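Here's a quick tour of one protein model, written for someone new to reading structures. Keep the 3D view open and follow along.

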Amino acid sequence: MVHRNGPATWLIELSDWHTSVPARLMVLAAIGLLLAAGAMLVHLTGGTPSVHAHLMYVPIFLASAVYGVAGGLVAGLLAGLMLGPLLGGSLESVQAIMTSWGVRTLWLMAIGAGAGLMMQMIAALGREQRAQALRDPFTGLPNQAALMEDLDAHLAANAGDKAKVAAVLLRATDFADIVEVIGIEDGDRILGEIGEHLSRSCPEVRGCYRFSTSELAFIVECGDRETLKRIARTLHGAATDPFDVDGVPVRIEPAVGLGHVGADATIDAREAVRRTRVALRRAETLERNWVSYEPTLDADASTTLELIGLAEQAIEAGEFTLQYQPKIRLADRRPAGVEALARWRRPNEGLVAPGSFMPKLEQTSLIDTFSRFVVRTATDYAGSGPLLPVSINLAPRNLADERLADALIDGLQQTGTPPECFMVEVTESGIMREPRAAIALLNRLREHGIGVSIDDFGTGYSSFAYLRQLPATELKIDRAFVHPLEGDAKTRRLVLAMIEVGHALDLSVTAEGVETEEQARILTELGCDLGQGFLWSPAVETSALHKWLAAAEPA
Ligand code: C2E
Ligand code: CA
Ligand code: CA
């Protein structure tokens, strides 16, 4: 353990060692034996002038290391007495012999006291260093190293019933944003206060630690999984209480990972903490308040890792392709555009739909490389294909990627594609991640004449305030609203309202996921402009798309 490596470590351990009675007796016996042995050797080899007298320093230093000043004094006294008065060599008078003995004894006591003082000071310094190494200086809370040490101690103390012990990790998911506004000092202070507030709010908490910049860890003692869930709810709830910063209430957005140790006797602190991290990551990706560790989460994490590892090579190896799905103008049922949808052609596995890799890919920087491929392929196609608008999907991360916008604008110029024949599809939640940057990027695309479509409308974060500001040209009603259209009058009224919202904002409205003629008829009746779905065609290769278009549009 890192914090144990210091110059005074051996000294601290030595001076802490005699706390148990058997150890104390052993140390005393060793000191006694060394004193006796030293004295005997001096007597047998001709007295104090012999260098062997210095042997007495060994037990004196040992006593001073273990018992400090008092130990050094007593050992010095004993050593002096045991060397005896008659070892003065050439001294003749009794008085001179006695004085020499007394001075020698005092000298040994002074050495013992001095050594004890020095050793106590070094040990105190070492203890201070160790305490500092176990504490986060910014919040005053114990740190990760202390957590590992304490958690191991709790697990050892509950060895018969490890299921009682659990580790909990709480992350202030918006800590970076908070720090940007209130500064790192106040951010740290708030995190420390939250830690103390949570420890007070939840009696099962046995320790609160600063785990990382934005994370607090807790050791809790709980009866079972149900209690742990209740604890998670309490901690999450208390963590959302506002904290005062210069009169302004500041509130964090917490996510909690629970690492229940269970009955497995082999689990140590590292494993318990690893579990909380896996659970916390899942809570964040699912946007849930808390998630409890399950072994299946490990499998998911490794598949994600494996998939992401494979995706990087797959981009280089050209295993990704785009397929295109037509959009139809409902009024006259003529083709009105195509949407490019990514497919992964995996060796031996055939075509893989984006649902299984896109959400994961979108969370890594690989999406940047991937989206360049999409932009390149789709602009090439738009330049050579049917003069119909081509749409591509942009991930939330793409909306902060200025260079991707450059690549798109360049791609259209190079292929001679009119920008009106190109469109990007973005979701509202994607825009809301970083609204200013996203709106600026979309405005830039609009200024070049590229269309902007609001995808999956109705399923995510819908803010009319933002919707009004968005430089959009199209609204795509999510297929979740299209499927129930046939039987449900309420859905019909809702879809009508969505269409009217779109029209009120001068947007063309597309319904996606149209599978039946009846759905198409209702949508046409409600005034929806375009439709897209299996009723007409799934996403297909370009050659199949061209055949379909030729058949749909008689010369
Ligand atoms: P999306 O943008 O909502 O795409 C529409 C999805 O609905 C496509 O699934 C499409 O095949 C499917 N679909 C079309 N018509 C019907 C229908 O009638 N019924 C049903 N049940 N489904 C229909 P796909 O191709 O699996 O794509 C899933 C999602 O993956 C897309 O949803 C989009 O969010 C994402 N995606 C696909 N390609 C890309 C890409 O190149 N970049 C990014 N960032 N995301 C992509
Ligand atoms: Ca889309
Ligand atoms: Ca969609």
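When we say that a residue coordinates a metal, we mean that it supplies a donor: an N, O or S atom within 2.8 Å of the metal, or within 3.2 Å for Na, K and Ca. Keep in mind that this is a predicted model. With that sorted, look at the two calcium ions: ligand 2 and ligand 3 are 4.0 Å apart, and Asp455 coordinates both.

**The calcium ion called ligand 2**

- Its donors come from Glu339 (OE), Asn393 (OD1), Glu425 (OE) and Asp455 (OD), at 2.1 to 2.3 Å.
- Read along the chain, those donors follow the spacing E-x53-N-x31-E-x29-D.
- Asn393 sits in strand β11 (residues 390–393) and Asp455 in strand β13, so this pair ties together parts that are 62 residues apart in sequence.
- How accessible is Asn393? With a relative accessible area of 30%, Asn393 is partly exposed.

**The calcium ion called ligand 3**

- Here the protein donors are Asp455 (OD), Asp456 (OD), Glu512 (OE) and Glu512 (OE), lying 2.2 to 2.4 Å from the ion.

- Asp456 isn't a glycine, yet it has a positive phi of about 50°. You'll find Asp456 in strand β13 (residues 451–457).
- Asp506 is another non-glycine residue with a positive phi, this time near 60°. Asp506 is in the loop between α18 (489–504) and β15 (508–512).
- Asp506 is exposed, with a relative accessible area of 69%.

**Around ligand 1**

- Which residues come nearest to ligand 1? Of the 22 residues around it, they are Gln325, Arg343, Arg479, Glu515 and Phe534.
- Phe534 also has a polar backbone atom 2.8 Å from an oxygen atom of ligand 1.
- A backbone N or O atom of Ala342 is 3.1 Å from a nitrogen atom of ligand 1.
- Glu362 uses its side chain instead: an N or O atom there is 3.2 Å from a nitrogen atom of ligand 1.

**The nonpolar cores**

- The largest nonpolar core has 75 residues, and the ones with the most contacts inside it are Phe370, Ile392, Phe422, Ile431, Leu445 and Leu523.
- Which helix gives the most to this core? That's α12 (residues 366–384), with nine residues.
- There's also a second, separate core of 33 residues, which includes Phe218, Ile231, Ile252 and Val256.
- Back in the largest core, zoom in on Ile431. Leaving out residues up to four places away in sequence, Ile431 touches Leu399, Val426, Ala438, Ile439, Leu442, Ile454 and Leu470.

**A check on helix α7**

- Does the length of α7 agree or disagree with what its 18 residues should span? At 1.5 Å a residue, residues 184–201 should span 26 Å, and the end C-alpha atoms are 25 Å apart, which agrees.
- The buried residues of α7 are Gly187, Asp188, Ile190, Leu191, Gly192, Ile194, Gly195 and Leu198.
- To make sense of a list like that, remember that an α-helix has 3.6 residues a turn, so residues three or four places apart point the same way.

Terms used
Residues are numbered from 1 along each chain as its sequence is written. Chains are lettered from A and ligands numbered from 1 in the order in which they are written. This is a predicted model: local features need pLDDT of at least 70, side-chain atom pairs count only at pLDDT 80 or more; totals for chains, interfaces and linings use all residues. Side-chain values use heavy atoms; hydrogens and water are left out. Helices (H or I, at least four residues) and strands (E, at least two) are DSSP runs, numbered from the N terminus. Buried means under 20% relative accessible area, exposed over 50%, partly exposed in between (1.4 Å probe, protein chains only). The expected span of a helix is 1.5 Å times one less than its number of residues. A nonpolar core is a set of buried Ala, Val, Leu, Ile, Met, Phe, Trp, Tyr and Cys residues joined through side-chain atoms within 4.5 Å. Contact means heavy atoms within 4.5 Å. A residue is near a molecule or strand if one of its heavy atoms lies within 4 Å of it. A polar contact is a pair of N or O atoms within 3.5 Å; within protein, one must be able to donate a hydrogen and the other to accept it, and residues adjacent in sequence count only if both atoms are side-chain atoms.
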